[in-house]
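Open the model in your viewer and keep the selection tool ready. This tour goes stop by stop.

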Amino acid sequence: MKKKSPQSYYPPKLARWLLERIISKDIRDGALGDFDEIYALTANERNLLQARLWYWTQVAKSFPSFVLDLAYWKILLFRNYSIIAFRNMLKHKIFSFINITGLTIGLACFILVFLFIRFEGSYDKFHENYKQIYRVIKECVYERGIEYRADTGAPMSPLLLENFPEVVNAVRFTSFFEGLVSHNEKVFSEERFYFADPSVFDVFTFPLIKGIPEYSLNEPFTVVITPEIAEKYFGDEDPIGKVLNYRIGFSDKKLDLKVTGIFKKIPKNSHIEFDFIASYETLKSILSERFFTDHWSSTTYNYIQLKEDSPSDDLEKKLTSFAEKFVDKEEYKSLNLKLQPLKDIYFKSWRIGGGIWKKGDIQTIYSFTALALFILIFACVNFINLSTARLTYRVKEIGLRKVLGAQRANLIVQFLGESILYSLIGLIFALFLIQIFLPRFNSLINTELSMNLIDDFSLLVILILIAVVVGISAGIYPSLFLSSFHPVNILKKTYSYISSSIFHKALVVFQFSIAILLITGSIVIYKQINFVNNMDLGFNKKNLVTIPIQESSAKDKYYLVKHELLKSPNILGVTASSTITGVGSPNAIQMKGPGVENLNMGIIYVDYDYIETFGIKVEAGRHFESEAATDAENAFLVNQSFSKRLGWDDVVGKEIELFYIMNNRFTPMYDGRIVGLLRDFNFRTLYDRVQPVIFKIDPNRFNHIFIRINGDNIPDSIAFIKNTFKNLIPTHPLQFLFLDEMIEDAYQSEKNFGVILNYATFLSILVACLGLFGLTSLITQQRTKEIGIRKVLGASVEKVVLLLTKDYIKLIIISNVIAWPVGYYFMRNWLQSFVYRTSLGLGTFILIGLLTVVIAVLTVSFQAIKTAVSNPVDALQYE
Amino acid sequence: MNLLSRSEEIVLLSIWKLKGEAYGIAIRKQVNEYTGYEWSIGAIYAPLHRLEKKSLVKTIKGDPIPERGGSSKIYYEVTSEGKKALLRLKEVNDAIWRNVRISGLEKA
């Protein structure tokens, strides 16, 4: 090969640098030089550009094989890591079991809460236009403060549509609360019945299954319903064109509504809930014009849809002057209209009254997240504790790997990989657990969570990511720690590390402090619920059947029904009231009396024998008597709080006057004499203190019938009541509820939270104890020789057990000391929300302390006893 | 002893033929001439490396040369093992080509 005045050409630096790295080590020396030579040759014989092009092509061509080569070695290493990981997993079964169980439980709880948060966050976002939809709310400024309300009246929407071009669409929902719906003999009381504008199906994404969205609600006397309702009233028949009869509230207004459409059941993540939507035109034909022009505070909710790029702030500013036109200066100091974005309604409505539909509770999310995180952290703590305490089992492998050239980074990757592997195995079990427990969780918190990993691939990715993050969090400390030893020290066995270090103890104390907090929470909530259920409410709540009056005919025929019912020996008493005793609120009224003017007062309307039927004590005077002809007209009973409030010592005999002031008009209601003083009883829930209240007979205002039955013969009594109702008022729906159950239901949310807290507490203790068990097993095993020597020197089994357990008992006692004040603080705050609350004495805490010590001793002593009774010869013979 | 692959055989033979001049580029040129198409440098070095691992060839490091960016040529030399292998290959090749009629093949 001859070269004419060869010029030196060097290939591009970057390309050469790359090639140097890409070319496999074995042939680098020769090949790299060859590339350079050919480059120089090409540059000399042809031109530089071609040479460069050629060189770069070579780099590009070598790249794929380089990557494959790299992957090949990584896979080999990875295979080795996996084999070692699985071998370790199988060799140390207890360790693997504890870690995988902990991670499974932790991940299951966390994923459950994740699904819950995802569900709560998805509220109202299924509407296509949700970003442009706003609810109109009013900010009422009173002398006493500001109040936000969602009921903004029927005139609102049309006025907004008319006056503001950026409002492209609007819907009103008007509710009359309960009403009776009937078709032939089927009669039910329905709460989720609303009147709405036809635009409801344009603004919101509530798809119609049958019927035409634009026309279904155009005509008066039309209604659209859910498939469930259709089945309830019409069975298998085609509901379209059929007629439902609707009776508004307690009035006698009856409407025949033609079914013109079926809409898909409202999903649970909608704050708006309804089963029936009747056309707004219907209302126009039955209500006076005033309702649609002047009545600003009817229970009507207004939702508007803005133009796509129109900011709500601008409209809100304009609404300020708009609102002044109709503000009632007598009632408010001022009134502003606000726009609440649809996506915010579920979570940001806790201050808004005139309440409608569902409100979310951010507190629930916080507490669930905290509980799940605790359990998950416990699992990670177990992993950290056990991995580091298990150092002696891994130390030779680590030393050998280091001697063979493993960098610290390699070891960290290996150990992190192992923790991620544990976490992923945990994830698989967790997914099974969730499938099993999801329905139970759903029924406890009333949601529709679902986990469909096949349809929802992104969820699977998220869950795997969660598991990886958990694996890394659990593994990062152990991997840094385990990889930190110098190989020489390891192989010479001169590394110094005490297994039961402060670090492990601190983590155990951390776990048990939180576990004790959770136990405190569970016990206090349990005590409170029990306290509430067993508290003497001042009346006898047992064996009382409650029937809501849902029809004026039932009100008319009440005395007839009562008379018939009392014929049975099993019926011990029949009475009626305006509220459900023990749960309901009194009505408001104003009072005048000796020395008092215009005092706001609560009033409960009751029947003659209310006091006897409920077993309420009369402190002074008498109760209502049907023989006293004037009692129905001008007799009042009051409670002790009433006499205390007014400072009247001899309340019986005082004359009072009751009235309303509405729109500055004085409307007298009743006047008469107080004939009796009742001992205070809890007519409302125990969230509220007993308030001053007046009792008055007024059959027109009865809403609930109470029947005291013989506790020995409940089925017969119920059957008898049913028959009597059927015979006398066949159109009345039969809804039977026992008063004590209704009162218990009032505390359902506390109860459900208590159940969830119980689960969380149980799981956290389980995980913490598993960790403690693993840790003590490891440490006890490491002390086998020491114990052997102690036994040889004459230590008794009891002494050895004590030696091995006392450290941990100390830790549990420290945890108790840390957790008690915190638990006391939190639970006292929680109990503060109840007026009537259980005590939070030292006894509870001592009980918790003993409980945890016993649990810990049981956990620890298993291994301790096993070691203590073993033959010292076995421990010492290998050296 | 196992037989070599075809590429190994060609590369080994080229080294033998090149005697003392057998380094990457020279080998590649020779092989290109024999086979009639361009071998990439990698395609030469892969069999070379295998031959070296089987100790059929050994490497001798030459002096650094400026055209090669200051790096040395790596010369390859057939070892006695390699010579045996070549002989064996020839035997096999001769054996399998014995009595093969060429006349029929050309028509295909």
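## Stop 1: a residue in chain A

Select A:Asp124. A:Asp124 is buried, because 21 other C-beta atoms lie within 10 Å. The cut-offs are these: buried means 20 or more other C-beta atoms within 10 Å of a residue's own, exposed means 12 or fewer, and partly exposed is in between, with C-beta atoms placed from the backbone. Now check the backbone. A:Asp124 has a positive phi of about 65°, although it is not a glycine. Where does A:Asp124 lie? It sits in the loop between helix 4 (93-121) and strand 1 (133-142) of chain A. Helices (H or I, at least four residues) and strands (E, at least two) are DSSP runs, numbered from the N terminus.

A word on the model before moving on. It is predicted: local features need pLDDT of at least 70, side-chain atom pairs count only at pLDDT 80 or more, and totals for chains, interfaces and linings use all residues. Residues are numbered from 1 along each chain as its sequence is written, while chains are lettered from A and ligands numbered from 1 in the order in which they are written.

## Stop 2: the domains of chain A

Colour chain A by domain. Select domain 1 (13-75), domain 2 (130-360), domain 3 (498-535 + 741-879) and domain 4 (552-730). These bounds come from an automatic or database domain assignment. Then look at domain 1 and domain 4 of chain A: their centres, taken over C-alpha atoms, are 99 Å apart.

## Stop 3: where the chains touch

Show both chains. The contact takes 18 residues from chain A and 17 residues from chain B. Two residues are in contact if their C-beta atoms, placed from the backbone, lie within 7 Å. On the side of chain A that touches chain B, the elements that give two or more residues are helix 2 and helix 3 (48-91) of chain A. Helix 2 of chain A gives the most, with eleven residues. By class, this side of chain A has eight nonpolar, four polar and six charged residues. Here Ala, Val, Leu, Ile, Met, Phe, Trp, Tyr, Cys and Pro count as nonpolar, Asp, Glu, Lys and Arg as charged, and the others, Gly among them, as polar. The predictor gives the complex an ipTM of 0.76 and a pTM of 0.71.

## Stop 4: chain B as a whole

Chain B has five helices and two strands. From the N terminus on, they run α-α-α-β-β-α-α. The C-alpha atoms fill a box of roughly 55 × 30 × 20 Å along the principal axes. Of the 108 residues of chain B, 30% count as buried.

Now colour by pLDDT, the predictor's confidence in each residue, from 0 to 100. Chain B averages 81, and 92% of the residues score at least 70. Confidence in chain B is lowest in helix 5 (residues 103-107), at a mean of 71, and highest in helix 4 (residues 80-97), at 87.

## Stop 5: helix 3 of chain B

Select residues 41-53 of chain B, which form helix 3. Its buried residues are B:Ile41, B:Ile44, B:Tyr45, B:Pro47, B:Leu48 and B:Leu51. What covers them? Among the elements that do are helix 2 (28-45) of chain A and, from chain B, helix 1 (6-18), helix 2 (24-35), strand 1 (57-64) and strand 2 (72-78).

Step just past helix 3 of chain B to B:Ser55, which takes a positive phi of about 50°. B:Ser55 is exposed, with 11 other C-beta atoms within 10 Å. Its place is in the loop between helix 3 and strand 1 of chain B.

Definitions and conventions
The expected span of a helix is 1.5 Å times one less than its number of residues.
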